[in-house]
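Visitor: I would like a close look at a single part of this structure, with the cut-offs behind each term spelled out.

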Amino acid sequence: MRVIVFGATGTIGRAAADALAERHDVVRVGHSGGEFRADIESAASIETLYRAAAPFDAVVCCAGNATFKPLTELGEEDFDLGLKSKLMGQVNVVRLGLRHVAEGGSFTLTSGVLAHEPTPGGAAISPVNAAVEAFAKAAALELPHGVRVNVVSPPWVSETLEMMGMDPAGSVPARALSAAYVQCVEGSTNGETVDGRSFA
């Protein structure tokens, strides 16, 4: 298959792209680097990327920003960032991709464990992650031509914690997590959220 990976220059996206590249033709998309470039906060940028990369059979999105900081320090712009980037960016990856993806193709989005296991500092991220999962579940009921959509819910990733100077105990290495994305692309599930911890 020809698989587009948004966020392929990030920790999770790079691992997912590498794992998929073992059996598929992978188009690596970054925000400011990579084989192709696209800004998922811009519908026009997504559409331009799809036209340049077509034809393709699957899309994986590991891109999207959100703010992590205490509730009392969050402003409206912090909530807007997650809504525009991680939520609507991924919604548009699917919405616009439907015009281009092959029949029987798939989309795999990214949420996060904070959707169901909130932690202090996550008030702007938890609702966005939960909304991504709800979108996939609802969209799966209407996707045409046998197209599927699923979500991978990563836990804390070891490399990210190490980069932040935090203890990586209990986290999952990006390479292990990448198997969840491969499963979604190569499998038959639709409207499901895959817990990345099951691949630890």
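Leaving aside its neighbours within four places in sequence, which residues is serine 158 in contact with?

Guide: A word on conventions comes before the answer. This is a predicted model, in which local features need pLDDT of at least 70 and side-chain atom pairs count only at pLDDT 80 or more, while totals for chains, interfaces and linings use all residues. Residues are numbered from 1 along each chain as its sequence is written, and side-chain values use heavy atoms, with hydrogens and water left out.

With neighbours within four places in sequence set aside, serine 158 is in contact with Pro168, Ser171, Val172 and Pro173, where contact means heavy atoms within 4.5 Å. One of these partners is also reached through a polar contact, since the side chains of serine 158 and serine 171 are joined at 2.8 Å; a polar contact is a pair of N or O atoms within 3.5 Å, and within protein one must be able to donate a hydrogen and the other to accept it, with residues adjacent in sequence counted only if both atoms are side-chain atoms. Serine 158 counts as buried because its relative accessibility is 10%, given that buried means under 20% relative accessible area, exposed over 50% and partly exposed in between, for a 1.4 Å probe and protein chains only.

Serine 158 is found in helix 5, which spans residues 158-163; helices (H or I, at least four residues) and strands (E, at least two) are DSSP runs numbered from the N terminus. Helix 5 leads on to the largest pocket, as helix 1 (11-21), strand 2, helix 3 and helix 5 each supply at least two residues of its lining. Helix 1 gives the most to that lining, with three residues. About 1,000 Å³ of space lies in the largest pocket, and of the 36 residues that line it, Ile12, Cys62, Gly64, Asn65 and Lys86 are the closest to its centre. A pocket here is, on a 1 Å grid over the protein atoms alone, an open set of points where a 1.4 Å probe fits, with protein on both sides within 12 Å along at least five of seven lines, and lining residues have an atom within 4 Å of a point. Its volume is the space filled by probe spheres set on the points, which are joined across faces, edges and corners. By class, the lining has 18 nonpolar, 15 polar and three charged residues, with Ala, Val, Leu, Ile, Met, Phe, Trp, Tyr, Cys and Pro counted as nonpolar, Asp, Glu, Lys and Arg as charged, and the others, Gly among them, as polar.

Alanine 115, in the loop between strand 5 and helix 4, is buried, with a relative accessible area of 17%, and apart from residues up to four places away in sequence it touches Ser126, Asn129, Ala130 and Glu133. Glutamate 192 lies in the loop between helix 6 (174-186) and strand 7 (193-195) and counts as partly exposed at 42% relative accessibility. With neighbours within four places left aside, glutamate 192 is in contact with Val149, Asn150 and Val151; glutamate 192 and valine 151 are 41 residues apart in sequence and 6.3 Å apart in space, C-alpha to C-alpha.
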